Amino acid sequence: MARFPDPQDEPGDGPPEASLDAAESLRIIAAQRTVVARDTTPDGRLIFGVWGVAWLLGYLAMYLSSDESHAPAPWAGAAFAALLASAIVVTAVHTSRRSAGLRGESSRVGAMYGTAWVVCFVVGFALIGRIASWAVDVEGGGAIITIASNGISCLIVAALYMAGGAVWDDRRMFLLGLWIGVVVTAATVVGTPYLYLVMALAGGGGFLVAAVVEHVRAVRDGTPGRARTREA
């Protein structure tokens, strides 16, 4: 005859069926959390991949087309701008689809983080515009504008990646931001035209390595399509 559990019972004293049901419930809850995390977290392989390709091909085109004055060909600048625009569109569409329907703290943090990107780049472009207006008539002004625009933009990317890694306790995101900071420092020191080559190989290559690491991790964890896990 079955009996009701006594409050004084030790955890292991209950019927075996009850223990099994509890374990199965926990397993189902964990599986559901994995599915939700996979479906709502941006896929790092896609995001890192598109930015890696954009930086690798764009900066490489700028380097290979540079003339004696280190100025890249107009077509290279246009191609790089198109690659960056494509990466921005892919990132925005993918992130919005993954975060659609989210509410609560995760939604608020994501919205504030996205706003930080917009505000920082608006300020960055304003700074670049002012520097360009002063340097355009100065000897070597082209190199000054190139180094300043590249340095300011990449500094924003590095800082926000590290901030995102700290907010979500994501070590890979933080390390990628740290790596971008190191790369842009080296590119600023070497100057044009090798700045483009450093950014293509070390910057774009860094993004692509991060994409490969995300893929290996997803396959190892059996969570395809999932970039990283955030604790709810």
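Select Tyr161 first: with a relative accessibility of 8%, Tyr161 counts as buried. Here buried means under 20% relative accessible area, exposed means over 50%, and partly exposed is in between, using a 1.4 Å probe and protein chains only.

A word on what is on your screen. The model is predicted, so local features need pLDDT of at least 70 and side-chain atom pairs count only at pLDDT 80 or more, while totals for chains, interfaces and linings use all residues. Residues are numbered from 1 along each chain as its sequence is written, and side-chain values use heavy atoms, with hydrogens and water left out.

**Stop 1: the whole chain**

Switch to cartoon view. You will find seven helices and zero strands, following the pattern α-α-α-α-α-α-α along the sequence. Helices (H or I, at least four residues) and strands (E, at least two) are DSSP runs, numbered from the N terminus. Of the 232 residues in the chain, 33% are buried. Look also at how the chain folds back on itself: among contacts between residues at least 6 apart in sequence, 72% join residues at least 24 apart. A contact here means heavy atoms within 4.5 Å.

**Stop 2: helices 5 and 6**

Now select residues 141-167 (helix 5) and 171-190 (helix 6); the two pack at an angle of about 160°, with their axes 7 Å apart. The axes are lines fitted to C-alpha atoms, for helices over the stretch in contact, and angles run from 0 to 180 degrees between N-to-C directions. Helix 5 and helix 6 are therefore roughly antiparallel. On this scale, angles under 35 degrees count as roughly parallel, over 145 as roughly antiparallel, 65 to 115 as roughly perpendicular and the rest as oblique.

The crossing of helix 5 with helix 6 is left-handed: the near helix is turned anticlockwise from the far one by less than a right angle, whereas clockwise would be right-handed. To see the contact, show side chains including Asn150, Gly151, Cys154 and Tyr161 of helix 5, and Phe174, Gly177, Gly181 and Val184 among those of helix 6. What classes of residue make up this contact of helix 5 with helix 6? There are twelve nonpolar, seven polar and no charged residues. Ala, Val, Leu, Ile, Met, Phe, Trp, Tyr, Cys and Pro count as nonpolar, Asp, Glu, Lys and Arg as charged, and the others, Gly among them, as polar.

**Stop 3**

**Stop 4: the aromatic rings**

Color Phe, Tyr and Trp. Their rings (the six-membered one for Trp) pair if the centres lie within 6.5 Å, and planes under 30 degrees apart count as stacked, over 60 as edge-to-face and the rest as tilted. By this rule there are twelve aromatic pairs. Take Tyr113 and Trp117: their ring centres are 6.2 Å apart and their planes at 85°, so the pair is edge-to-face. The two are four residues apart in helix 4 (residues 105-135), and so are separated by about one helical turn. Tyr113 is buried at 16% relative accessible area, whereas Trp117 is partly exposed at 23%.

Back to Tyr161, which forms an edge-to-face pair with Phe207, 6.1 Å centre to centre and 65° between the planes. Tyr161 lies in helix 5 and Phe207 in helix 7 (residues 194-221), so the pair ties together parts 46 residues apart in sequence. Phe207 is buried, with a relative accessible area of 1%.

Ring pairs link a cluster whose members include Phe48, Trp55, Phe80, Phe125 and Trp168. Center on Phe125 in helix 4, which is exposed at 52%. Phe125 and Ser149 are 24 residues apart in sequence and 8.0 Å apart in space, C-alpha to C-alpha.

**Stop 5**

Most residues other than glycine have a negative phi, and most peptide bonds are trans. Where does His70 lie? His70 is in the loop between helix 2 (44-64) and helix 3 (74-99), with a positive phi of about 70° although it is not a glycine. Asp169, in the loop between helix 5 and helix 6, is also not a glycine and has a positive phi of about 50°. Asp169 is exposed at 70%, while His70 is partly exposed at 32%.

Finish at Pro193, in the loop between helix 6 and helix 7. The peptide bond from Thr192 to Pro193 is cis, with omega near 0°.
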